[in-house]
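Subject: Structure handover

Hello,

Here is the structure I promised to pass on. Please open it and keep it beside this email as you read.

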Amino acid sequence: YRLSTAADVGACRGCPWLPIPRIYGRGGLVRHPTAMSYTSTSRSLGTACGNSSFVQARSARLSGALRRPTPAVSHSTSSTGTHRARRLLVHAASAADLSKEAPIDWDELGFGLTDVDFMYVATCKKGEEWQPGEIQPFGNLSLSPSAAVLNYGQGVFEGMKAHRSENGTPLLFRPDRNAARLHDGAIELSMPPVPEEMFLDAVKSVVGANARWIPPLGKGTMYIRPLLIGTGAVLGLAPAPSYTFVIYVSPVGAYFKGGQLTPINLKIEESMHRAGPGGTGGVKTIGNYAPVLKVQYAAKDAGYSDILYLDAVECKYVEEVSSCNIFVVTGKTICTPPLDGTILPGITRRSIIELARDRGYEVLEKNVDWEELQAADEVFCTGTAVVVAPVGSITKAGHRKEYQDGNVGPVSQELYDALTQLQMGLTDDPKGWIVPVDEKFIR
């Protein structure tokens, strides 16, 4: 879809609808950006308006699977059920509201969910290709209680961010890697993978549709959550007959309390393991996360920021934190646990490895035990949500190891700066990791 203004569709003086920006698609279908329902064709809309000439059907081109999706049709009717003149139904904020700044205090932004304007939804039946998706008003999904995702956890998701550049352009960071990881996760869970082109266009579209919710430079980011779930009904254990691909977004601030770059305190968990060999620890599946909540919140009640998990075989080597990867720094050497199928292949992890090597550090992907943690100069975590989070201390069985006197270590700071300046478009991007959201996607 493409947003058009009154000037773009022609003059219609006295028409109460015309000043409202509209989205034009196939066959003249028109949708108000905040409407919960849709008009019919431009011909019918023009009849309702009394001036059919003002509607110029635009077949806006969006590449990939977003090309000209067909919205549902809703008509106003009389109390007797006969047709009244078809008209555009507006159930949410006026279009003028979309041109205003988001109603949020950016200085008080935390890491939580904020209801924005739009989300993206696409569907696919088992054995078939994905249907064109569409931008819809943000709201609830309707699912059968027998949906595979509710009964058997058939679902994978991604975590991404959009930054606002100095000139206001939304910037994505390595979205192709998220597309590839979602693809791999879908294969592991017997789900139809989303084509990369469709994924990228969908992300750009939902970010552009919610552009006013991207925090100003330096005030936060827009968190992006692509979600692929089995929504078809099943009773016996089997893949769902149909699937839904959803993307929603939310403006966010720092993940951990205290703000970005505030050192966190970790506790090593010895009795509960996040993942085991041969399982789905290396897949971003929804079932990997709820099991850690019990020990994670027990640790938080005891004053820790999060849990650091050990391997499930020897219960000796560190693997990852609940929602992020871990790095251990000793001199000019940086170590991080290897990807052996039990650790999520983080995109921030991968990026930090490359950035560190570019800066002359030796980066080893190897097993790390408690003794090495005790000898380390500093430790930090990485992830889309946490970015680079310095570790102030790690506690195991009551023994506490502190790092950098509770301050940010120099390597953590250096790599944080390198990563975030790149993500915000403040430095050159020789690797081509930054993908701007084109103007055509922005409302």
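Which residues are linked in a network of salt bridges? They are Arg-174, Arg-350, Glu-354, Asp-358 and Lys-431. Bear in mind that this is a predicted model.

**Salt bridges**

Some background first. Side chains of opposite charge can pair when their charged atoms come close. A search of the whole structure turns up 11 salt bridges.

Lys-431 makes a salt bridge with Glu-354, and their closest N and O atoms are 3.9 Å apart. Lys-431 sits in the loop between α10 (410-423) and β20 (434-436), while Glu-354 is in helix α8, so this pair ties together parts 77 residues apart in sequence. Lys-431 is partly exposed, at 35% relative accessibility. Glu-354 is partly exposed too, with 25%.

Lys-431 also meets Asp-358 in a salt bridge, at 3.0 Å from N to O. Asp-358 belongs to helix α8 and Lys-431 to the loop between α10 and β20, so the pair ties together parts that are 73 residues apart in sequence. Asp-358 has a relative accessible area of 48%, which makes this residue partly exposed.

Now look at Arg-349 and Glu-365. Their side chains form a salt bridge of 2.7 Å, N to O. Arg-349 is in helix α8 (residues 347-358) and Glu-365 is in strand β16 (residues 362-365), so the bridge ties together parts 16 residues apart in sequence. Is Arg-349 buried or exposed? Arg-349 counts as buried, at 3% relative accessibility. Glu-365 is partly exposed, at 40%.

**Cysteines**

How many disulfides are there? The count is 0. Take Cys-381 as a case. The nearest cysteine sulfur belongs to Cys-324 and is 4.2 Å away, so Cys-381 is in no disulfide, given that the two sulfurs would have to lie within 2.5 Å. Cys-381 is buried, at 0% relative accessibility. Cys-315 is partly exposed, at 27%.

**Aromatic rings**

The count of aromatic pairs is 9. One of them joins Phe-111 and Tyr-223 edge-to-face, with 5.5 Å from centre to centre and 75° between the planes. This pair links distant parts of the chain: Phe-111 is in the loop between α3 (95-99) and β4 (118-125), and Tyr-223 is in strand β9 (residues 221-230), 112 residues apart. Phe-111 is partly exposed, at 32% relative accessible area. Tyr-223 counts as buried, at 12%.

Tyr-255 lies in the loop between β10 (242-252) and β11 (264-269), and is 144 residues apart from Phe-111. Tyr-255 is partly exposed, at 28% relative accessibility. Which residues form one aromatic cluster? Phe-111, Tyr-223, Tyr-255 and Phe-256 do.

Two lysines lie over ring faces. Lys-300 is over the face of Tyr-297, 5.1 Å from the ring centre. Lys-332 is over the face of Tyr-361, at 3.9 Å.

**A surface patch**

Leu-141, Leu-143 and Leu-150 make a nonpolar surface patch of about 250 Å². Leu-141 is found in the loop between β5 (134-137) and α4 (148-152). Leu-141 is partly exposed, at 40% relative accessibility.

Best wishes

Note on methods
Residues are numbered from 1 along each chain as its sequence is written. This is a predicted model: local features need pLDDT of at least 70, side-chain atom pairs count only at pLDDT 80 or more; totals for chains, interfaces and linings use all residues. Side-chain values use heavy atoms; hydrogens and water are left out. A salt bridge is a side-chain nitrogen of Lys or Arg within 4 Å of a carboxyl oxygen of Asp or Glu. Helices (H or I, at least four residues) and strands (E, at least two) are DSSP runs, numbered from the N terminus. Buried means under 20% relative accessible area, exposed over 50%, partly exposed in between (1.4 Å probe, protein chains only). Patches are made of residues with over 30% relative accessible area and no salt bridge: like charges are joined within 9 Å, nonpolar side chains (Val, Leu, Ile, Met, Phe, Trp, Tyr) within 5 Å. Accessible areas come from the Shrake-Rupley method with a 1.4 Å probe; for residues, only the protein chains shown count as cover. Rings of Phe, Tyr and Trp (its six-membered ring) pair if their centres lie within 6.5 Å; planes under 30 degrees apart count as stacked, over 60 as edge-to-face and the rest as tilted. A charge sits over a ring if NZ of Lys or CZ of Arg is within 6 Å of the ring centre and within 35 degrees of the ring normal.
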